[in-house]
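Dear colleague,

I am passing on the structure we spoke about, and I would be grateful if you could look through it alongside the notes below.

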Amino acid sequence: MLAPAGGLPRHPSGRSGELFIISAPSGAGKTTLRQAALTRLPDLSYSVSFTTRPPRTGERNGYDYTFISADEFEAGIRDERWAEWARVHSHYYGTSAKVLEQARAAGRDVLLDIDVQGAQQICRRFPESVTIFIMPPSLEVLEQRLRARGTDRPETIEVRLRNARHEMDQRHGYRHVIVNDDLDTAIEALMAILNSYRSTREN
Ligand code: 5GP
């Protein structure tokens, strides 16, 4: 069980930022939604995850992910450097505890794009986190999107679909669920959720 982060210097206003967690099966359109939110809310920080997965074409180190070796990741587990971590699709993924705690101490709102296992760990550590699950309209649409993306081998797609089924079953544990049927509507729904917590806080 992870201990809550205590003893950190707080923002002069005395408040911590909000933690927004989005999870979704791959192919649900989460990256597009995340980028739309970050573009519209320039003061929202993104927690760049660390991973041992090789970069996909177009992914930038330190921006999409920080790409590290399995040895480095495992050293991070031993040194308790991860606020949460998980093995997803046979690679490690994790959130830096230091980066997260610095952002919160500075009072910044932070967006995390992590899987269900990671979301559970963050919620144990920060129970006030706002959790948002993005659903594809159906498993059939998800399969079409994964195949059309052309970035994964057929056997990888099978693994991702199996995981997706399992992940979608967990959506009930999330505070908000958005079905990404129409992208513009889904972006609007996400912005409404983010803004409702941000404005509540500022009142
Ligand atoms: P992908 O390899 O498609 O970028 O991501 C695969 C899965 O790993 C996605 O569900 C994504 O949300 C999740 N993921 C990305 N970063 C992290 C992280 O830092 N921690 C955890 N637990 N999951 C992550």
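This is a predicted model: local features need pLDDT of at least 70, side-chain atom pairs count only at pLDDT 80 or more; totals for chains, interfaces and linings use all residues.

The ligand is surrounded by 17 residues, of which the closest are Lys30, Ser49, Arg53, Tyr65 and Tyr93. A polar side-chain atom of Tyr93 lies 2.5 Å from a ligand oxygen, while a polar backbone atom of Gly94 is 3.1 Å from an oxygen atom of the ligand, and an N or O atom in the side chain of Thr95 is 3.5 Å from a ligand oxygen. Of the 510 Å² of accessible area that the ligand has on its own, the protein covers 95%.

The largest nonpolar core has 22 residues, and those with the most contacts inside it are Phe20, Ile132, Ile134, Ile178, Leu190 and Leu194. Among the elements that give two or more residues to this core are strands E1 and E8 and helix H7, with H7 giving the most, at seven residues. Beyond its neighbours within four places in sequence, Ile132 is in contact with residues including Ile21, Tyr174, His176 and Leu190. A second, separate core of 17 residues includes Ala103, Val110, Val116 and Ala119.

At the start of H3, a side-chain oxygen of Ser96 comes within 3.3 Å of the backbone nitrogen of Lys98, whereas Gly107, which follows the helix, has a positive phi near 80°.

With best wishes

Methods:
Residues are numbered from 1 along each chain as its sequence is written. Side-chain values use heavy atoms; hydrogens and water are left out. A nonpolar core is a set of buried Ala, Val, Leu, Ile, Met, Phe, Trp, Tyr and Cys residues joined through side-chain atoms within 4.5 Å. Buried means under 20% relative accessible area, exposed over 50%, partly exposed in between (1.4 Å probe, protein chains only). Helices (H or I, at least four residues) and strands (E, at least two) are DSSP runs, numbered from the N terminus. Contact means heavy atoms within 4.5 Å. A polar contact is a pair of N or O atoms within 3.5 Å; within protein, one must be able to donate a hydrogen and the other to accept it, and residues adjacent in sequence count only if both atoms are side-chain atoms. A residue is near a molecule or strand if one of its heavy atoms lies within 4 Å of it. Accessible areas come from the Shrake-Rupley method with a 1.4 Å probe; for residues, only the protein chains shown count as cover.
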